[in-house]
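Here are some friendly notes to read beside the model.

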Amino acid sequence: MRNIPSMRRSAIVLLFWCFAALAAFSSQSQGQSPSAEQVRDLGADALEILKKRCGDCHGSHLEKPKKRFGIVDKIAELRATPRFVNLKEPLESLLFTKTLGPDADMPRNKQNEFEPLVQGEQDTLRAWALAKFPLPGEVKPSSAPAAATPPPFVDEEEWLQAIVEDLNTLSPADQKQARYFTFWHLYNAGASEERLSIERRGLIKLLNSLSWNPKLALPKFFGKGSAIARILLRELSWHESKWKSILAVEKNYFVLHGLDQEERIQKLTTSPMAYVRADWFVFHAAQPPLYHDLLAPMENSTALDSADAIERFLGIDAAANIAAGRAKRAGFRGGRSADDSRSGVSDHNRLIERHEILKYPGAYWKSYDFAGNNGEKSIFDRPFGPASLPHLTQEQKERAFIQDGGELIWSLPNGMQAYLLVDAKGKRINEGPSDIVKDHLESAGKGSVILNGISCISCHSRGMQVKTDTVREAVESLSQPRGTAFTRGEAKVIRDLHPTAEEFKKTLAADSDRFLKASRDLGVEVTDSRGREVVHAVYQDFQNEVVGIAQAASELGLTPAALSKQLGSGPISTIGLALEGRGITRDHFLDAYGQIARAIRLRPLADSSPRKPTVRILAWADTLEAEPDPKIVTDPAVLQRILESGLPWRVRDKGTGIEFLLVPAGSYRRGASPGDANAEGDENPAHTVVITSPFYLGRYEVTNGQYRKHDAAHSSGSFKSVNLDGEAQPVVMVSHEEAEAFCAKYGLRLPTEAEWEFAARAGATTRYPWGEDPDGGRGFANVLGPASKAKFGFFGDSFSFDDGHDVTAPVGTFAPSRWGFSDLIGNAWEWCADWYSDGEYKSLGSKEARDPKGPSAGSARVLRGGSWNYNPLYCRVSDRDRFGPSFRFENVGFRAARTP
């Protein structure tokens, strides 16, 4: 079965059921009694096997089960958990593949060795899986209780009318403050009261975990099934800009039905959309970047961009507290054993440190995390760190650790907790580097990656984790007169910072009690019935949900029958078939949501006319188009960012005649595209880059005609007698030094490598700007084709298509990208401003890079984009090349950039 594709595997399951049904029909039609095998209680048999073979590590009786998975003997919970059990594809279930599939590696014995199930056990569990995992007592699938009848469908107009009526009970000032979170799509889809209750509690907890108001905020729930929640922005200490940041996340997911109630709500609240789906909100607000935006104590999220910024805001002088012995520390070794003197999130040692918040009752905790245990990374050999502390003596600095990152946790004024991950310099990052820390619970759905917000919320479901310090004992055992590693004076310094285990646990308990009291005051249990932290439960259910026709219809405000009818034809018919079949994944549905909404004549908020600020007049350029051409810039979010910049979209430089297009600020993943097996070492690891300010980039590569305004004698020459020197062809045979001189003369510059890839990707994450298939570049790029390869005798692969040009083509010959640029891939390699370093991406790791400019010096400059004589491998959008700054080639030119 190892290599059987899923379709063939499904066919095998189908044949199994066909034969089983035929046998059952034959037996019953002949008046025979069903066989013992047909009435086997598969649920009871499966439970016995799971308890016997898996219970020692994953049983519900364990206080700390392995992998934090302790429900192997709770079949009802297993069957209700999509992560473990796939009712639609039983043989694809994680529970099945881990024990019975071709890649099975469970169960394991006490020596942690794989000890496969015996054949009889395998047969029983396979039959149990194929019978759709019946519970003990469910003899046959048909004997399972019928699903509860869903409540009568409530249409969009009725739900919105309930919001209008609630708004009418408020003062005009409060109407502008009112915002709503809705569960009606779950109610209409037949969600149980237990599911709705979890959704409400997850929302309540997350909202208060993003609030700086000393008073806890309890939303008002109303409407059928209490499926609408109302909050006032001031109850969370939120400014209107916070709500705008929510709406900016995914505008295609908010649709307007053209109802009078929608217009009424907009008028009363002065918001284009005053209500969002609650589970969608929890999923996005529990992770960056929205988590950072909403948690920021001021309108700008830079207030939370570093440990220093947070400490300044909280009024904490960490260095002074450490020097005076006011901070409290505990250090422990790496590992994930049940012993509370182990890290739990890292294979390396860890130090946690507490400071009192003076602005309001609460604590500020910071951890020091490491990528190793030796030398400057050892908190046992070097307990005086961090080495950057100003008060350390020279001797202490030599015994001070240097951390690689950390986690910050602090009490909010209402008693809840906030979180931030930082790098070695204390700068905010979105994800914890996997060589330092791991989320073994896989809370974020990204493997073991710790994602700020959701991973921390899930891990700290009861506040602070109980930990026992081992540094104090280690240092005292090595201090004089018994040892020589530490003097008595040095040992005293350590003792002052590391209280006794009993005292430290009391401190941890007090901080956790504050958090748990706030949770109780909100009426929020720590976990749901399946042991999941409640915010994580909502996040996970939303992320893992397979969206079928009923759920899709409810999220679009329609009945399943009405949606099926409208999905029956046109370009979205295939999506309709998928929804009515096995369903589609949540991320696929979110991607398709706007397309579906438009096809059934709903209007996504993204299609609303954005505000158009006054456009600046640039002294150095003539404005050609103030606003983007909607046929070119089709992404509403990009369009909005361009308009909000207040800068004209397309301009012509007065000095050179070069056309420029505006690239808005934004962020993207730079480096190897997901799944790109051709990516080289200098393209890894991929990492987030933030371009903080808009900039102008040449619409085309600089031409021979434009360059000769600077150097009239320049000639790009020819290649094997084929001309490269036409006025409209890109200038080539120019060095990096000459390209820089041209730009400097006219107030221009070369783009940074980060800016170049941002513009080239234009929102794409694929290997090429047009997709994964290199041959999708037909009509978009001048690259090496079969004809040119044969004509010039080039070796190696080529693209499968001919582009009609043996060498460089006049700029603008090919179709523009999604942001309007031509020839970013192909035609001529383009010099970038950066010095090249093959280890630059590795040095950044998973950190967030803001406007990176590369190393400060080097021997070669970066080239990007491929050229007319290069094959698919080197025309990928992430590919990097380099040459010395004085080199000239027949396939190397440049594209100019300018800061507004």
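1. A word on handedness before the helix pairs: a crossing is called left-handed if the near helix is turned anticlockwise from the far one by less than a right angle, and right-handed if clockwise. Helices (H or I, at least four residues) and strands (E, at least two) are DSSP runs, numbered from the N terminus.

2. Some ground rules come next. This is a predicted model, in which local features need pLDDT of at least 70 and side-chain atom pairs count only at pLDDT 80 or more, while totals for chains, interfaces and linings use all residues. Residues are numbered from 1 along each chain as its sequence is written, and side-chain values use heavy atoms, with hydrogens and water left out.

3. Overall build. The protein's secondary structure comes to 31 helices and 30 strands. Its C-alpha atoms fill a box of roughly 90 × 90 × 65 Å along the principal axes. The radius of gyration is 31 Å, which agrees with the value near 29 Å that a compact globule of 900 residues would have; this radius is taken over C-alpha atoms, and the globule rule is 2.2 Å times the number of residues to the power 0.38.

4. Helix 9 with helix 12. The axes of helix 9 (residues 193–208) and helix 12 (residues 278–285) come within 10 Å and cross at roughly 40 degrees. Axes here are lines fitted to C-alpha atoms, for helices over the stretch in contact, and angles run from 0 to 180 degrees between N-to-C directions. The two helices are therefore oblique to each other (under 35 degrees counts as roughly parallel, over 145 as roughly antiparallel, 65 to 115 as roughly perpendicular and the rest as oblique). Their crossing is left-handed. Glu199, Gly202, Leu203, Leu206 and Leu207 of helix 9 make the contact (heavy atoms within 4.5 Å) with Ala278, Asp279, Phe281, Val282 and Ala285 of helix 12. By class, that contact has seven nonpolar, one polar and two charged residues. Ala, Val, Leu, Ile, Met, Phe, Trp, Tyr, Cys and Pro count as nonpolar, Asp, Glu, Lys and Arg as charged, and the others, Gly among them, as polar.

5. Helix 2 with helix 5. Helix 2 (residues 42–58) and helix 5 (residues 119–130) pack at about 130 degrees, with their axes 9 Å apart. That makes helix 2 oblique to helix 5, and the crossing of this pair is left-handed. Among the residues that meet are Ile49 and Leu50 in helix 2, and Leu125 and Trp128 in helix 5. The residues of this contact divide into seven nonpolar, two polar and four charged.

6. Four strands form an open sheet in the order 2-3-1-5, with mixed pairing (two strands pair if DSSP finds at least two bridges between them). Strand 2 (220–222) and strand 5 (275–277) stand at the edges with a single partner strand each, so one side of each is left without a neighbour in the sheet. The twist averages 25 degrees from one strand to the next. Strand 1 (residues 178–182) and strand 3 (residues 228–232) pair in the antiparallel sense over five bridges, and Tyr180 has Arg230 in strand 3 as its bridge partner.

7. Backbone details. Where are the cis peptide bonds to check? One runs from Pro288 to Pro289, with omega near 5 degrees, and Pro289 lies in the loop between helix 12 and helix 13 (290–295). Another joins Gly385 and Pro386, with omega about 0 degrees. Lys720 is not a glycine, although its phi is positive at about 50 degrees.
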